[in-house]
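Please open the structure in the viewer and keep the sequence beside it. The tour moves from one selection to the next.

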Amino acid sequence: MDNFKNPFRPGAGHLPPYLAGRQIQLDDFKQNILTQEPILKNLIISGLRGVGKTVLLDTLKPLALKEGWIVAGTDLSESASVSEANFSTRLLTDLASAVSNIVLSTQEITSIGFQGKTERVEHHLNYEILNYIYKSTHGLESDKLKAVIKFIWEVCQKHAKGIILAYDEAQNLKDTKEDKQYPLSLLLEITQHAQKNGLPVLLILTGLPTLLTNLVEARTYSERMFHQTILNRLSPEDSREAIVRPIADQNCPVKLTTEAVDQIIEHSGGYPYFIQYICKETYDALIQQQAMGVPLSDIRIRIDEIIRKLDIDFYQARWNRATDKQRNLLNVIAQLDNAEAEFSMKDIEVAMKSSGSKVSASAINVMLKALTEAGLLYKTRHGFYSFAVPMLSHFVKREMGE
Ligand SMILES: Nc1ncnc2c1ncn2[C@@H]1O[C@H](COP(=O)(O)OP(=O)(O)OP(=O)(O)O)[C@@H](O)[C@H]1O
Ligand SMILES: [Mg+2]
């Protein structure tokens, strides 16, 4: 085991040792999204926490770069995106760093002296130039950004296939009527404007399942602007690949038994983050026990201990934010047969009543709203909800059971 390095990578946006079960999405991107002329459909990648949205987006970017696209964008988890002006600065910064290698003009400078040396100086597109265009364009924020994008395309069209604007955690980009700030509408408007005028600007947004709802609320036409890919848990076959391939690729002298792999698949529910987490813990424990001189035949790894650690690392912070009443409500939901799918207000009311609770429907409603804001639930449609965190019902049962 001396040379063996644990290949598993639980984390936010950490590229996994083997990207399992995403070939359909990769092919679809290459064959149907990048080849559009003109661009009619943009891409949404949505899914629950830890399902692999960031990793997929980070895998799509180099594919696009290879095909000659300019790729600009960032992670929107910071609240910098709340106002239109902030979002414009964000976009200008992202565009500037994506086009900074593009030469705007070259200049021959001959230095004074007996040798008369001539130097070629290249002027690259940069933030100052983009900001100058932005500032010197009259009109609304959207007019200014449209002018910037038009300018970039005029300069870049000889070298590039198009411009991709790729934003992760895009559910954070929301219009707020109270503050009269419409950054999401702004992004949709400039994209649609470019596309209508034949400019190959492609928008890729990734985020939690509430993303499409936000988009439709901002602009009703956005439903038609996007092709939505919902990332789901991995199938048992793909989960198996995600577990066994990295072990084989690392030439690990200790392989997992079929039963152990089956156990990991079952406990992870096929969710990529959980697969990486359980596998990382398993091999860490193995390496540690070996280092302590435990013979291989005596090494025991307890899945329940790993799950307890996972509970603390993944769920506990969210759980701690819930009040006792909210926890009781979550427990009632967790007992529903459809807890891991979609459940209705009605389901919850009935279950609450039969559990002997006297909480009124309006109080339930208030709690559901608070739990949604805390990121534990999300509204799927009118009167219906889902857990926003994978396998939350299992955690709640473990927690309340204890
Ligand atoms: N297809 C996959 N196969 C194997 N492991 C994966 C796959 N996709 C993601 N992972 C692993 O799962 C973990 C979570 O991935 P990622 O951060 O991309 O999820 P996410 O959906 O962006 O989560 P969040 O909503 O919290 O941002 C990472 O450790 C990553 O390496
Ligand atoms: Mg992510």
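The chain passes from S5 through H6 to S6, a β-α-β crossover that is right-handed (with the strands pointing away from the viewer, the path from the first strand over the helix to the second runs clockwise). Helices (H or I, at least four residues) and strands (E, at least two) are DSSP runs, numbered from the N terminus. The model is predicted: local features need pLDDT of at least 70 and side-chain atom pairs count only at pLDDT 80 or more, while totals for chains, interfaces and linings use all residues. Residues are numbered from 1 along each chain as its sequence is written, and chains are lettered from A and ligands numbered from 1 in the order in which they are written.

**The sheet as a whole**

Next, select the five strands of the open sheet, whose order is S2-S5-S6-S1-S7 and whose pairing is parallel (two strands pair if DSSP finds at least two bridges between them). Strand S2 (69-75) and strand S7 (226-230) are the edge strands, each pairing on one side only. From one strand to the next, the twist averages 15°.

**Strand S6 and its neighbours**

Now select S6. S5 is joined to S6 by five bridges, and strand S1 (residues 42-46) by four. Within S6, Leu 205 is the bridge partner of Ile 44, and Gly 207 that of Ser 46.

Is S6 enclosed or open? Seven of its seven residues are buried, so S6 is largely enclosed by the rest of the structure (buried means that 20 or more other C-beta atoms, placed from the backbone, lie within 10 Å of the residue's own). Val 201, Leu 203, Leu 205 and Gly 207 point one way from S6, and Leu 202, Ile 204 and Thr 206 point the other way.

**Helix H5**

Move on to helix H5 (residues 141-156), which has 16 residues and reaches 23 Å from its first C-alpha to its last, close to the 22 Å expected (1.5 Å times one less than its number of residues). Colour Leu 145, Val 148, Ile 149 and Ile 152, which are buried in H5. Seen down the axis of H5, its buried residues fall within an arc of 95°, so they line one face of the helix (the arc is that of the directions from the helix axis to the C-beta atoms).

**The whole chain**

Finally, show the entire protein chain, which has 16 helices and 10 strands. Buried residues make up 36% of its 402 residues.

Technical notes
Buried ≥ 20, exposed ≤ 12 C-beta atoms within 10 Å, placed from the backbone. Axes fitted to C-alpha atoms, helices over the stretch in contact; angles between N-to-C directions.
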